Amino acid sequence: MPHAEDRYYVPHSSHWPIVGSIGLLFLMVGVSNWLNGAGSGFWIMLVGVAVIVFMLIGWFGTVINESTGGLYNDQVDYSFRMGMFWFIFSEVMFFAAFFGALYYARTMAVPWLGGDSNNFFTNNILWEGYEATWPTNGPAGVGGDFAVMGPFGLPLINTVILLTSSATVTIAHHALIAGQRGILKTFLALTFILGFVFIFLQAEEYIHAYEAMNLKLTSGIYGSTFFMLTGFHGMHVTIGAIMLTIMWLRVMKGHFTATNHFAFEAVAWYWHFVDVVWVGLYVFVYWM
Amino acid sequence: MTTAVAEAQDAHDEHHGPEKGFRRWLFTTNHKDIGTLYLIFSLIMFFIGGTMALVIRSELMQPGLQFVHPEFFNSMTTMHALIMVFGAVMPAFVGLANWMIPMMIGAPDMALPRMNNWSFWILPVAFGILLSTLFMEGGAPAGGWTMYPPLILQTGDAFPFLIFSVHLMGISSIMGAINIIVTILNMRAPDMWLLKMPIFVWTWLITAYLLIAVMPVLAGAVTMLLTDQFFGTSFFLAAGGGDPVMFQHIFWFFGHPEVYIMILPAFGVVSEIIPTFSRKPLFGHDSMVYAASCIAFLSFIVWAHHMFTVGMPLSGQLFFMFATMLIAVPTGVKVFNWVATMWRGSMTFETPMLFALAFVFLFTIGGFSGLMLAIAPADIQYHDTYFVVAHFHYVLVPGSIFAIMAAAYYWLPKWTGHMYNESLGKLHFWLSTIFVNVTFFPMHFLGLAGMPRRIPDYSTQFADFNLIASIGALGFGISQLVFVYVLLTAKKGATATDRVWEAPKGLEWTVPSPAPYHTFDTPPKARIAEEAFE
Amino acid sequence: MIRKSLFSLLGTLWAGAASADWALNMPRGVTELSAETYELHMMVFWWCVGIGVVVFGAMIISLFMHRKSKGVEPATFSHSTTAEVIWTALPVVILLAMALPAAETMIKLEDSRDPDISVVITAYQWKWHYKYQDEDIAFYSSLDRGSVEARPKNSGIDPFDVENFLLEVDRPLVVPKGAKVRLLITSSDVVHSWWVPDLAIKKDAVPGIINETWFRAEQTGTFRGQCTELCGKDHGYMPIVVEVVEPDAYLAWVETHQQDGERVAASQ
Ligand code: HEA
Ligand code: HEA
Ligand code: CUA
Ligand SMILES: [Cu+2]
């Protein structure tokens, strides 16, 4: 096929995007109705999820076929890489919103409620006696007394797990480039297993927080930032671990070569990104 | 090789044209088709949003309530803004990007064609959901397009639908932006190095960067609204240690760059058109690029100028005032460069040029009122009055919208292969320009005299100017029907030449009119230096 | 003076036979800072007019002189570093000339220390509550009956027949002339904003937070304003009226209303 080299592959037409849109429609309408208290919403949502999963499988399937069929030249590959990079950047900005909220609450909102800066009267008239500390569930003690999630124990273990998994995925990557399929398989498997262990421990931590510490999503601003940040991170780990698993299955099927393995690399980048977010979380949520 | 791939390969080889019937539009991966879809969608949204504006203006025509109830009025204001911003202006620019960028840089298509289709087809879902809230219990969202809590939490059933439709708009914009960045960075013809890129491409590159940087932040902000409402978080609840004002900070961290997202591509369009009809190269191409980058950078550090009255500490007020004022400098460079491009040119005044010229005049007026708003102590008087409404409609309607109109007239012959009706185009221009001023200029006076924004009814001293503004709005609306007529009859005009205009620069004028379904199968290597840039 | 006549000329052209009491410009107001704000506003306005004359002037000259129909051959220049440096640097200088006085005024506006009177303002959907910190006076202030009756759709009452339509309240805030009045503003529900143009004060009422601002009125009179942050369906119907009276009259007013705080408290 001489074309693949000098011509940018432009797919003909595709029905997957519109299927995805229909999935999103069901998903969003379903969740909204559900939140509004209509039980049927839940089922509509499930339909949406099913359609989206169907779409993802179909869409990625097509791409994989095209890729293994040699339709993509280096330029196409480069487009995918850049696309992934900018997608991750958008995710960084999404997390930035929540980190920003944490920063704002800790260094501004809470001290102001305690009377800092130009808010002497805020404290004096509305929240008398409230002293700004962190962690806090606010001057009204929303959600009741709670215990603070310390940086040691499970969170520390989880940190080690994620950092290790970042190393293992890198080893797997190098193995892939060096053509050492055995090492690749082992270390890739190790990576997603570590990912799932992380999720399991995170779930343990949540259960512990809810049952033993009275630390909940509703525990004022501390609970809100804690659970939203770790929760969104956990969701990303879940997605990442699933994608790693898929990569592993593809490796088992013999996909990827030393030069052509964009999907693998994209997932690896994603995994590193999830890892970096965790380090941020560990420092700013658990530690400081 | 699997059969599926083989088929795809065959189809690719035989130089296929578009598919037939509805499949063409639903399944297309062609940048021109998708561009067309975006543009048509945008026009529809412009009419829906405009109809809502007309509801607003009818109610405000006289003091006293005549047509609607206050809550519905607030819904109209909110929906009008959301639809115009996310449904009309942004998709229009994405549509232009889709159509023009691959042609301007010599690419065969957008870099990620299937995703391109998806970015578009999410939009009808998002706006379908948003518009459906009009029929829900508790009415459509009525808390303003800024969605400040706690008020927005008083929305009825519409609330989650609002949040998710904003999420969808965000997803669509982000995917669109990724596609544009990748196309520009990866698909340029080999000898088109960055600073040789046409200025429209440049402004879009910067805009796309802004989009990817701030749309996720908006998504985060509305997600916090959602969890505050349904899952008991306290982000915006002081009793729990949060702060309602925090939402405003996050929103405007998105919101201010957002307004430049709506103007930078407009700058690009105007910078393409003015040189063509002045028959003179764009003055200071490179400094235009630097200025746009400067604007983009500054846009991240000025957001709290929307919040001079929320009770920020003094240091914050001063910082945001100074930073905001600075934006006048790079924007000034742009305006001066446009004037310098015209200077000693050989101008003609076809419709696109007329719109571009009106853009320069009227956007500058909007910029001046922006500068006045930036003066913190004065903004305390202007804030949330019709002075602000006047400001942003000047930069958005004769700003963004006029630039979109200009672009449409400029490239229409390239799209359709026919010249549009020039006299009707001119008629459309003059009506629009007169009425846009009749509509929005009196709003400056209203604001200064003390009329707050977002009110369904007002004291009698504001009656006269409101009447004038309402008449203007009606006139402006009707003038747009001329535009629709021009579009509908666009294919009846004389056949357009490849260059269309006398002296346009750029690769898009080297291909036939109408542009073939697939433009550049092989990159136009040598052509750039010779033809496009002389 | 030129400005005033220019404006009113414009106004007459525009509004023709309009009723007499419309205004075109920001009021000068009745406090030192409102006057300063007005001056700032006019200063920036005139700078913009000046820059506008230059920019639009150059453009218009170009539009008329440099047309193809006049047979002009286009020049070919495409940049000039000198020109660009000038039109980058000059605006910076102009902006500084605007920013410095603005900063000065801003600093004064934020200085609410040592007040003579302090009033806590609490916003409700859709009325205001005033509580004098050092007196036993507290009351609600809502839209006046006249407007309440005229405001519904098909009320049959012409707004032009209602005096101060939508700008009248049942009980105004009363303060003495010359006193430094500190306002401590908060809200009980959603964000509102307290604005009286003649006092040049606008401050948001945020639930859970108290914002401070202040004014010192130098003239007696009745000054009207409105809520300026969207706060729900009756956002347009929560006006503000401040009555500035001579100090003696203020004392007398306080005397007769001392017990109001208790009465309001009891009626809740
Ligand atoms: C396309 C959209 C767009 C654009 C380009 C701008 C441009 C600017 N805007 Fe505007 N703005 C909006 C859309 C936009 N705005 C919207 C939608 C809102 C309201 C949102 C809401 O509340 O709902 C708003 C509100 C808004 C506010 C808040 C008002 C308030 O609520 O109290 C402020 C305050 O600083 C502001 C300032 C500015 C400034 C300084 C610029 C500058 O970029 C303008 C710069 C341009 C010039 C100055 C003219 C050209 C320059 C020269 C000729 C050079 C020489 C000039 C000098 C040295 C003066 N804008
Ligand atoms: C790009 C953005 C954009 C655009 C293009 C416009 C366009 C217009 N806007 Fe918009 N506006 C905003 C963005 C925009 N606006 C925003 C962000 C707000 C703030 C919202 C808030 O406070 O939260 C706002 C608020 C706003 C207000 C203040 C409302 C309030 O405070 O309560 C008003 C009032 O006059 C107004 C009027 C208009 C008018 C008359 C137009 C006209 O230019 C529209 C002209 C177009 C038409 C009229 C379409 C043609 C239609 C027909 C001919 C109808 C007949 C046909 C059919 C039905 C098939 N707008
Ligand atoms: Cu209270 Cu608006
Ligand atoms: Cu802004």
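A crossing of two helices is left-handed if the near helix is turned anticlockwise from the far one by less than a right angle, and right-handed if clockwise. In this predicted model, α4(B) passes α5(B) in a left-handed crossing.

## Helix packing around α5(B)

Start with the pair inside chain B. Helix α4 of chain B spans residues 70-105, and helix α5 of chain B spans residues 113-132. Their axes lie 12 Å apart, at an angle of about 165 degrees. Angles over 145 degrees count as roughly antiparallel, so α4(B) is roughly antiparallel to α5(B).

Which residues make the contact of α4(B) with α5(B)? From α4(B) come Met79(B), Leu82(B), Ile83(B), Phe86(B), Gly87(B), Pro91(B) and Asn98(B). From α5(B) come Asn116(B), Leu123(B), Phe127(B), Leu130(B) and Leu131(B). By class, this contact holds 9 nonpolar and 3 polar residues, with no charged residues.

Helix α5(B) also packs against chain A. The partner is helix α3 of chain A, residues 40-68. Here the angle is about 160 degrees, and the axes are 12 Å apart. That angle makes α3(A) roughly antiparallel to α5(B). On the chain A side, Met55(A), Trp59(A), Thr62(A), Val63(A) and Glu66(A) take part. They meet Arg114(B), Met115(B) and Trp118(B) in α5(B). The class count for α3(A) with α5(B) is 5 nonpolar, 1 polar and 2 charged residues.

## Metal site

How many protein donors does the iron atom of ligand 1 have, and which residue is involved? There is only one: His391(B), through NE2, at 2.2 Å. His391(B) sits in helix α15 of chain B, residues 386-416. The copper ion, ligand 4, lies 4.6 Å from the iron atom of ligand 1.

## Backbone features

Two cis peptide bonds and two positive phi values are listed here.

| Residue(s) | Feature | Value |
|---|---|---|
| Pro149(B) and Pro150(B) | cis peptide bond | omega about 0 degrees |
| Gln125(C) and Trp126(C) | cis peptide bond | omega about 10 degrees |
| Ser117(A) | positive phi, not a glycine | phi about 50 degrees |
| Asp114(C) | positive phi, not a glycine | phi about 50 degrees |

Pro150(B) is in the loop between α5 and α6 (158-186) of chain B. Trp126(C) lies in the loop between β1 (117-124) and β2 (127-132) of chain C. Ser117(A) belongs to the loop between α4 (74-113) and α5 (120-126) of chain A. Asp114(C) is in the loop between α3 (81-109) and β1 of chain C.

Asp114(C) has 68% relative accessibility. The cut-off for exposed is over 50%, so Asp114(C) counts as exposed.

## Chain A overall

Chain A has 9 helices and 0 strands. Its pattern along the sequence is therefore α-α-α-α-α-α-α-α-α. The C-alpha atoms of chain A fill a box of roughly 80 × 40 × 35 Å along the principal axes. Chain A has 288 residues, and 52% of them count as buried. Take the contacts in chain A between residues at least 6 apart in sequence: 72% join residues at least 24 apart.

Note on methods: Residues numbered from 1 in each chain as written. Chains lettered and ligands numbered in written order. Predicted model: local features only at pLDDT ≥ 70, side-chain atom pairs only at ≥ 80, totals over all residues. Heavy atoms only, no water. Donors = N, O, S within 2.8 Å, 3.2 Å for Na, K, Ca; no water. Helix = DSSP H or I, 4+ residues; strand = E, 2+ residues; numbered from the N terminus. Axes fitted to C-alpha atoms, helices over the stretch in contact; angles between N-to-C directions. Parallel < 35°, antiparallel > 145°, perpendicular 65-115°, else oblique. Contact = heavy atoms within 4.5 Å. Nonpolar A, V, L, I, M, F, W, Y, C, P; charged D, E, K, R; others polar. Buried < 20%, exposed > 50% of the residue type's maximum accessible area, 1.4 Å probe, protein only.
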